[in-house]
Amino acid sequence: NYSVGVFQHDGDNSRASKIAGGDRTIAARVVVTPLRKIKAMNLDEAEIGVNMATTDVSDKSTLANGLRGRTVLSQYTFFSPVFVKGTRRRIGADFDWNKKEFGARAEYIQVNDQRTNQGLRGDTLKDAVYHAWYVSGNWVLTGEKSDKSIRPKQPLFQGGFGAWQLAARYERMWFDSKPTGEPAFANSRAEVILPNGNKVLTLGA
């Protein structure tokens, strides 16, 4: 399976009240089943997806237009945007596997933002780089087939207890730039960005 699209902007998650976000975006994704000859452990149905996107990012805004790092629940910003201009490049890969009531998923993504003429003296800086990945697993206790959307055998409020599962997920996100030998600073126009990130372990039922 594959898909290709052209969009006016690069998504809601890159925009905020003080972040303009990117402009025209070209995106593509391909999903394959490279293990289809291996019948053991249901690996023949395991899917691997790869994706990429390029976005035009301008510095017309007087505020920094890079991506930020913020937690969902507390809304704590652990990485503030830096000034960027040029092309935003995204590359990613993901894995999806299910066998009866068990499932596992993983994903990695990297985003590079060019910083053309964004230095304190108008010089071009090394790309700002954002990385993120997660791994997760689940076990459907009530016996339904594990999938992205689980259909209960005995739906809730229809004489049953619904579908119950145990799930665990570990994720990490961090921000930096390519080292140049210069000191790293937490400054929106720093030549070398001070690395910063966050990681979360989630358990649920």
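## Salt bridges and strands in an all-strand chain

A search of the whole structure turns up 10 salt bridges, where a salt bridge is a side-chain nitrogen of Lys or Arg within 4 Å of a carboxyl oxygen of Asp or Glu. Keep in mind that this is a predicted model, so local features need pLDDT of at least 70, side-chain atom pairs count only at pLDDT 80 or more, and totals for chains, interfaces and linings use all residues. Residues are numbered from 1 along each chain as its sequence is written, and side-chain values use heavy atoms, with hydrogens and water left out.

**The overall build**

- The protein chain has zero helices and 10 strands; helices (H or I, at least four residues) and strands (E, at least two) are DSSP runs, numbered from the N terminus.
- Reading from the N terminus, you get β-β-β-β-β-β-β-β-β-β.
- Along the principal axes, the C-alpha atoms of the protein chain fill a box of roughly 65 × 40 × 35 Å.
- The protein chain has 205 residues, and 31% of them count as buried. Here buried means under 20% relative accessible area, exposed means over 50%, and partly exposed is in between (1.4 Å probe, protein chains only).
- Take the contacts in the protein chain with a separation of 6 or more: 59% of them come from residues 24 or more positions apart. A contact means heavy atoms within 4.5 Å.

**The surface**

- The protein chain exposes about 13000 Å², and carbon and sulfur atoms supply 57% of that. Accessible areas come from the Shrake-Rupley method with a 1.4 Å probe, and for residues only the protein chains shown count as cover.
- Phe102, Trp139, Leu141, Phe161, Trp164 and Leu166 make a nonpolar surface patch of about 660 Å². Patches are made of residues with over 30% relative accessible area and no salt bridge; like charges are joined within 9 Å, and nonpolar side chains (Val, Leu, Ile, Met, Phe, Trp, Tyr) within 5 Å.
- For charges, the mean positions of the 29 positive and 21 negative ones in the protein chain are 1 Å apart. Lys and Arg count as positive and Asp and Glu as negative, while His and the chain ends are not counted. The place of a charge is taken as NZ of Lys, CZ of Arg, CG of Asp or CD of Glu.

- Side chains of opposite charge can pair when their charged atoms come close.
- Arginine 88 pairs with aspartate 10 in a salt bridge, with the closest N and O atoms 2.7 Å apart. Arginine 88 lies in strand β6 (residues 86–99) and aspartate 10 in the loop between β1 (2–7) and β2 (25–32), so the pair ties together parts that are 78 residues apart in sequence.
- Both partners count as buried: arginine 88 has 0% relative accessibility, and aspartate 10 has 11%.
- Asp10 and Arg88 also belong to a network of salt bridges that links them with Arg90 and Asp113.
- Aspartate 56 and arginine 24 meet through their side chains in another salt bridge (3.8 Å, N to O). Aspartate 56 sits in strand β3 (residues 47–57) and arginine 24 in the loop between β1 and β2, so this pair ties together parts that are 32 residues apart in sequence.
- Aspartate 56 is partly exposed at 34% relative accessible area, and arginine 24 is partly exposed at 48%.
- Arginine 169 and glutamate 171 form a salt bridge too (3.0 Å, N to O). Arginine 169 is partly exposed at 31%, and glutamate 171 is partly exposed at 28%.

**Valine 140 and tryptophan 164**

- Valine 140 is in strand β8 and, at 1% relative accessibility, counts as buried.
- Tryptophan 164 lies in the loop between β8 (125–140) and β9 (165–177); at 47% relative accessibility it counts as partly exposed.
- The two are 24 residues apart along the chain, yet their C-alpha atoms are separated by 5.9 Å.
- Leaving out residues up to four places away in sequence, valine 140 touches Glu101, Ser146, Ile150, Trp164 and Gln165.

**Positive phi angles**

- Most residues other than glycine have a negative phi.
- Glutamine 75 is not a glycine, but has a positive phi of about 60 degrees. Glutamine 75 is in the loop between β4 (69–70) and β5 (77–79) and is partly exposed, at 40%.
- Asparagine 117 is not a glycine either, and has a positive phi of about 55 degrees. Asparagine 117 lies in the loop between β7 (102–115) and β8 and, at 42%, counts as partly exposed.
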